[in-house]
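User: I am new to this structure. Can you show me how to read it, one feature at a time?

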Amino acid sequence: MKEGNSVIRIKFAKYGMMRYIGHLDTMRFFQRLIRRAGIDAAYSEGFSPHQIMSFAQPLGVGVESCGEYMDLEVRSLGTASDMRERMNAECAEGIEIREMSLLPEKHEKAMASVYAADYRVVFRPSHEPAWDICAAVDEFNKAPSVKVMKKSKKSIREVELKELVYSLSVCLKPIGELFPEGPLSGDVIEDNERRVPLLHMRLSASSGDNVKPELLINALGSLSGSEVEEIGRTDLFITREELYDKEMKALIEAGTGF
Amino acid sequence: MKKTALSDEILLSIEKPERYIGNEINAVIKNRGEVDIRFALCFPDVYEIGMSHLGIQILYDMFNKRPDIWCERVYSPWTDLDRIMRDRDIPLFALESQDSIKEFDFLGITLQYEMCYTNILQVLELSKIPLLSCDRSEEDPIVIGGGPCAYNPEPIAEFFDLFYIGEGETSYDELFDLYKKYKTGKKGRSDFLREASKIEGIYVPSLYEVSYDEKGLIKDFSPLYPDVPSKIRKNIVKDMDLVTYPEKPLVPFIQVTQDRVVLEVMRGCIRGCRFCQAGQIYRPVRERSVDFLKDKAKKMLDSTGQDEITLSSLSTSDYSGLKEIVDFLIDEYRDKCVNISLPSLRIDEFSLDIMSRVQDVKKSSLTFAPEAGSQRMRNVINKGITEENIMQGSAEAFKGGWNKVKLYFMLGLPFERDEDVTEIAHLSNRVAMNWFDTIPKEERKGQRVMVTASASFFIPKPFTPFQWAPMNPPEEFLRKAHLVKDTFKTELNHKSLKFQYHEHDLSELEGVLARGDRRISKVIMKAYENGAVFDSWQEIFDRDKWDRAFTECDIDRKFYTEREREITEIFPWDFIDTGVSKEFLKAEWEKAKTETVTPNCRASCSGCGAASFGTGVCFERR
């Protein structure tokens with residue numbers, strides 16, 4: 001890092017239409033946003049200089065979040081509230097800067113420090129499975145071991161889910177409350193009062209052992225016994241709520257206010 | 001949450017859902033109830049291509065400046081979504097409001113290349129608008145076309161209610177004001193079209209009749225009513241500093257073809273290459289002032305956050321304020337790491353100096369467009385460069401550190417002989433040799449020059465001196481391409497040379513569509529019914545669908561491509577007045593036969609007729 005420069009950590013939300021924007025395009029969006037907002041970003045050397053920024057973890061297309069993170073190197077600092085306001089004024093609907101903190105000179109990159117993530121998961125109307133979700137959650141929490149096959153780009157291997165799921169809970173809520181802005185495009189809610197499961201989970205999010213909510217949901221399905229249909233990404237409405245480091249501290253806490 | 005026309009499930013199942021959700025930075029959102037006119041602006045190709053087009057950005061900005069209009073965008077749904085929309089009966093929608101196109105007052109379609117014609121039918125059909133103008137009712141939007149292909153609108157005349165001939169900045173207000181009168185009054189669509197035909201630059205095809213003689217040539221083309229003009233004169237902007245230009249262009253989420261801010265420095269071209277349609281139809285050359293450009297550059301970069309700006313025109317080297325604007329951009333934006341891109345520069349010392357200041361010499365390759373291999377042929381086409389220019393330019397480039405050179409050529413030009421064709425390989429070889437002569441051995445450091453020559457097939461276009469020329473048959477194109485290829489193998493420096501050529505299937509069809517008449521519309525319709533769409537995409541284009549269409553309609557494509565036209569023939573596009581006279585084009589056609597060069601507009605005026613617009617280079621002090 002060049003002398004005099006600082007690195008700030010930015011926490012942002014991504015929702016609504018913006019959940020269709022893929023990871024690379026989100027990065028491009030931020031590069032232009034930072035220019036529009038007049039943030040004094042630092043640039044790499046060379047013939048095609050670029051902003052020195054890195055994201056904590058890609059968010060899947062279709063998933064909403066109120067706990068995304070990126071680190072940005074800047075040449076000069078204003079106050080966090082001024083920078084946040086300037087960025088929010090230039091945002092598209094569906095991206096919102098929530099918090100900023102100033103990282104100490106020696107710090108771990110957001111990407112390296114991600115250890116766990118909180119998710120809120122609901123089934124989309126008329127995509128709920130036939131099996132009893134509450135019972136399956138109970139069973140999971142009581143079981144000493146739940147082994148599943150986990151696919152990655154390169155391999156497929158067996159993992160112990162109990163080691164990678166830090167917490168899991170479920171409650172029943174009127175479906176109207178779970179979609180306060182109305183259902184997703186194409187979905188219909190017939191009875192707002194019907195009570196449906198709302199799941200909260202804290203899952204491993206480290207680069208080697210990232211667990212997606214779908215993996216756990218399907219493991220719950222298998223626990224319920226009978227042959228069940230696989231639940232896909234589009235059956236769920238997922239919100240990532242927060243990212244944590246190894247000490248289970250939210251990533252924003254690695255820095256200080258400014 | 002804002003509703004999308006497509007369900008969440010569909011959006012997550014298709015390629016690049018960002019193409020269909022709108023919501024981009026600088027997109028304009030208005031209240032439906034507060035506007036009188038809803039305009040859907042369409043580029044009939046995929047989003048990434050359509051979003052790269054400057055004309056759409058200009059019109060979008062200009063229309064939306066009127067408080068009584070909400071202008072939105074629509075592009076061709078890619079093949080994956082096309083299938084889903086047909087299967088589930090989902091109507092095509094505009095990006096901003098996500099409302100059906102059918103609800104709009106206007107559907108404006110830009111016509112940038114002939115190979116998009118089947119996509120026009122795709123957009124109409126998915127919008128549930130009847131394909132033929134004569135089948136539309138009061139409930140359907142007015143379908144309007146504009147852009148370079150509107151200079152021969154006849155092959156697609158039956159699909160459009162009206163065409164706008166010329167530059168969009170001039171007559172739309174008049175058209176909209178007229179439309180509002182009709183929308184609130186009792187009169188209908190046909191009355192509106194009749195009145196609109198009297199506005200300068202507006203062509204209403206249904207108000208004209210064509211008759212043909214026994215050979216199939218046009219006998220007569222005339223309006224059906226005495227109050228409908230028989231000639232349509234193109235609209236042009238008189239003063240480029242006084243018209244509106246976007247200050248807040250749209251910023252797409254996904255990477256598009258032209259992913260940068262575009263600064264149009266001038267319109268038109270002084271060069272007068274005889275094969276080039278743009279060089280004729282955009283006459284006369286009109287420049288923007290450097291002050292105007294500085295102001296717009298700053299506003300566009302600030303409002304978009306883009307990290308690249310391009311100086312756009314048909315021939316940016318000929319812009320008289322080039323050095324001043326480039327120096328300004330470098331001084332002002334170097335610190336902010338904004339790239340400057342300079343397409344269409346002639347290669348000379350001055351351009352090379354600029355390019356070496358704005359780009360990484362080691363990575364970039366230089367492009368020359370000699371267009372023809374022999375000097376004789378370059379004189380025929382009036383490409384105002386000599387072999388000496390090419391050798392000097394490339395020597396300068398080699399000294400400046402470039403060692404990758406691209407050369408663009410055309411095959412099948414009028415009056416071409418085999419020795420002109422093989423000269424493409426010889427010239428490429430001489431450019432490579434030039435590197436060895438210019439760069440001493442000790443400075444080569446293991447590098448070697450690479451010259452890539454690429455050839456496209458010449459297609460005669462309306463309103464050019466070559467509009468009378470027969471096009472080469474596909475077999476002849478191939479024979480010539482193979483001849484060049486074989487000659488390349490015999491060149492001394494063949495290890496430093498590469499040669500590639502374009503597909504000839506598309507060229508032949510483009511040739512038919514470019515100089516076609518009204519009878520071609522049924523072929524386009526048939527081809528579309530056979531499944532043709534996205535014909536400009538090599539990987540999708542299916543020649544068979546078109547072959548069947550020509551057979552089914554009993555139309556001989558060679559009538560349109562290979563036939564040599566008599567100098568007296570009435571062309572389907574003759575009713576349009578571009579300012580450049582047919583007499584001038586004829587004289588240029590004759591000069592081509594005698595390999596005689598015509599000087600550029602700045603060197604001396606050749607009296608093409610464009611001075612009648614009373615502006616531009618015609619009135620510059622020489």
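Predicted model: local features only at pLDDT ≥ 70, side-chain atom pairs only at ≥ 80, totals over all residues.

Analyst: Let us start with a strand. Both faces of β4(B) are covered. On one side, Ile142(B), Ile144(B) and Gly146(B) are buried.

User: In which sense do β3(B) and β4(B) pair?

Analyst: Strand β3, residues 106-110 of chain B, pairs with β4(B) in the parallel sense. The pairing runs over five bridges. In one of them, Thr110(B) has Gly146(B) as its partner.

User: Now helices. How do I describe a packed pair?

Analyst: Two packed helices are described by the angle between their axes and the distance between those axes. Take α14 (residues 418-438) and α16 (residues 474-490), both of chain B. Their axes come within 8 Å and cross at roughly 45°. That angle makes α14(B) oblique to α16(B). The crossing is right-handed.

User: Which residues of α14(B) and α16(B) meet?

Analyst: From α14(B) come Asp418(B), Val421(B), Thr422(B), Ile424(B) and Ala425(B). They meet Lys480(B), Leu483(B), Val484(B), Thr487(B) and Phe488(B) of α16(B). By class, this contact has six nonpolar, two polar and two charged residues.

User: How many residues does each chain give to the contact between chains A and B?

Analyst: Chain A gives 25 residues and chain B gives 24 residues. The side of chain A that touches chain B has 11 nonpolar, seven polar and seven charged residues.

Terms used. Residues numbered from 1 in each chain as written. Chains lettered and ligands numbered in written order. Axes fitted to C-alpha atoms, helices over the stretch in contact; angles between N-to-C directions. Helix = DSSP H or I, 4+ residues; strand = E, 2+ residues; numbered from the N terminus. Parallel < 35°, antiparallel > 145°, perpendicular 65-115°, else oblique. Left-handed = near helix turned anticlockwise from the far one by under 90°. Contact = placed C-beta atoms within 7 Å. Nonpolar A, V, L, I, M, F, W, Y, C, P; charged D, E, K, R; others polar. Buried ≥ 20, exposed ≤ 12 C-beta atoms within 10 Å, placed from the backbone. Pairing = 2+ DSSP bridges.
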